[in-house]
Amino acid sequence: MNFYLPVTLYAEEHCVRTHQKELAALGTKALLVTGRRSARLNGSLADVTEALDSCGVSCALFDEIEENPSIETVMKARDRGLAEGVDFVVGIGGGSPMDAAKAIALMIRHGREDASYLYRAGADSSALPVAAVPTTCGTGSEVTPYAILTIHEKRTKSSISHRIFPALALLDPRYLLTAPASVLCDTAVDAFGHLAESWFNANATDYSRMCTRQGLEIWSRSRAALEGISGAAGLTPETISGAAGLTPETCLNLLNASAMAGMAISHTGTSLPHGLSYYLTYEAGVPHGKAVGYFLAGYLREAPADERDAFLKIAGFSGLRQWEEFYAQVCRPQPASPDILEQAVRGLMQNPAKLKNSPWPASEAMLRRICR
Ligand SMILES: [Fe+2]
């Protein structure tokens with residue numbers, strides 16, 4: 001057994017400002033990596049900019065990270081970072097900007113390498129320091145070493161071959177309040193998926209389950225709130241979460257659960273639902289958390305009933321049926337096309353690294369059952 005998590009984490013309101021000296025200590029000039037809109041809307045970009053400014057550290061902005069970022073976007077940001085002479089990277093947003101920030105930090109450090117370096121196993125993984133400021137509550141990227149990128153050549157997504165932990169994670173629940181309810185529900189289901197896939201995982205240990213169990217217990221405290229923002233009369237998935245009644249306290253629970261789930265998968269990896277979900281996201285544009293959730297009931301059905309029920313009980317579910325009802329309510333999934341599911345099964349069967357994380361011998365027949 002081992003436990004390694006070299007991330008300094010703060011989780012509290014206004015933590016960017018409170019811990020600005022630690023952020024500024026990462027270097028002399030930062031590349032801020034964000035998507036196009038949300039980091040501006042929720043105030044996180046302004047907080048980071050002001051924090052660095054007040055410490056005399058300059059920054060450049062790359063705000064073109066798309067959902068499920070591509071290798072091409074990472075290389076474009078790398079070029080910007082090299083031209084600006086930055087020496088650390090701050091990822092602000094959901095999993096996409098934070099994952100991209102790690103890959104960009106790697107490629108700036110290895111400025112003469114081409115994009116193939118991202119997936120060169122065994123190569124030097126040193127990177128510029130990375131700070132992460134999450135504004136959704138699912139990925140856990142702020143504490144994981146993973147950076148999932150879209151590989152158009154393979155029509156799927158995959159983590160780069162390098163493990164890059166952020167040096168600093170700053171979790172401010174206020175940023176979640178301006179996210180659409182659908183985004184928080186999708187990302188909270190992603191966090192639940194990390195917890196389930198880490199618990200039922202060939203690499204699970206007492207240490208990883210320490211994170212899983214506590215993450216699940218904290219996640220359960222926000223379950224009713226998620227049902228509330230997704231199902232109350234007059235609310236739509238586009239309703240802003242704060243306006244739908246979500247409180248900073250609930251958001252902090254969601255962030256902490258997400259981070260603990262991230263700590264768990266840092267040690268175990270994810271398993272079959274994530275491996276299958278990437279095809280649903282790539283081919284049908286299904287958001288990540290919703291796509292993961294699509295396969296979770298099938299995955300949990302493979303577990304021994306007593307273990308599955310004990311796991312679900314920690315999250316406050318009476319059984320698998322209640323989890324399925326919850327998922328249907330908060331994510332509103334559509335049936336996936338048989339062609340995409342077939343592609344997912346065949347694709348995942350070619351991915352031994354993901355298959356070996358399953359605690360049960362993974363077969364094509366099992367994957368088909370999970371897809372049903
Ligand atoms: Fe995920």
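**Ground rules.** I am working with a predicted model, in which local features need pLDDT of at least 70 and side-chain atom pairs count only at pLDDT 80 or more, while totals for chains, interfaces and linings use all residues. I number residues from 1 along each chain as its sequence is written, and my side-chain values use heavy atoms, with hydrogens and water left out.

**Domains.** I looked up the domain assignment, which gives domain 1 (8-174) and domain 2 (180-371); the bounds come from an automatic or database domain assignment. The contact between them (heavy atoms within 4.5 Å) takes 29 residues from domain 1 and 28 residues from domain 2. I noted that the C-alpha centres of the two domains lie 24 Å apart.

**Arg 155.** I found Arg 155 in the loop between strand S6 (148-151) and strand S7 (156-159); helices (H or I, at least four residues) and strands (E, at least two) are DSSP runs, numbered from the N terminus. What does Arg 155 touch, not counting residues up to four places away in sequence? I listed Tyr 279, Tyr 282, Glu 283 and Gln 343. With Glu 283, Arg 155 also makes a side-chain to side-chain polar contact at 3.0 Å. For that term I use a pair of N or O atoms within 3.5 Å; within protein, one must be able to donate a hydrogen and the other to accept it, and residues adjacent in sequence count only if both atoms are side-chain atoms. Arg 155 is partly exposed, because its relative accessible area is 42%, where buried means under 20%, exposed over 50% and partly exposed in between (1.4 Å probe, protein chains only).

Ser 230 lies in helix H9 (residues 223-231) and counts as buried, because its relative accessibility is 6%. Its side chain reaches the backbone oxygen of Glu 227 at 3.2 Å. Leaving aside neighbours within four places in sequence, I found Ser 230 in contact with Cys 185, Gln 329, Val 330 and Arg 332. I followed up Arg 332, which sits in the loop between H14 and helix H15 (338-349) and has a positive phi, near 50°, in a residue other than glycine.

**His 14 and Gln 20.** His 14 is in the loop between strand S1 (8-11) and helix H1 (15-18), and I noted a positive phi of about 65° although His 14 is not a glycine. Gln 20 lies in helix H2 (residues 20-24), and a polar contact of 3.3 Å joins its side chain to that of Ser 54.

**Second largest pocket.** The second largest pocket has a volume of about 200 Å³. On a 1 Å grid over the protein atoms alone, a pocket is an open set of points where a 1.4 Å probe fits, with protein on both sides within 12 Å along at least five of seven lines, and lining residues have an atom within 4 Å of a point. Grid points are joined across faces, edges and corners, and a volume is the space filled by probe spheres set on the points. Which element gives the most to the lining? I found that H12 does, with six residues.
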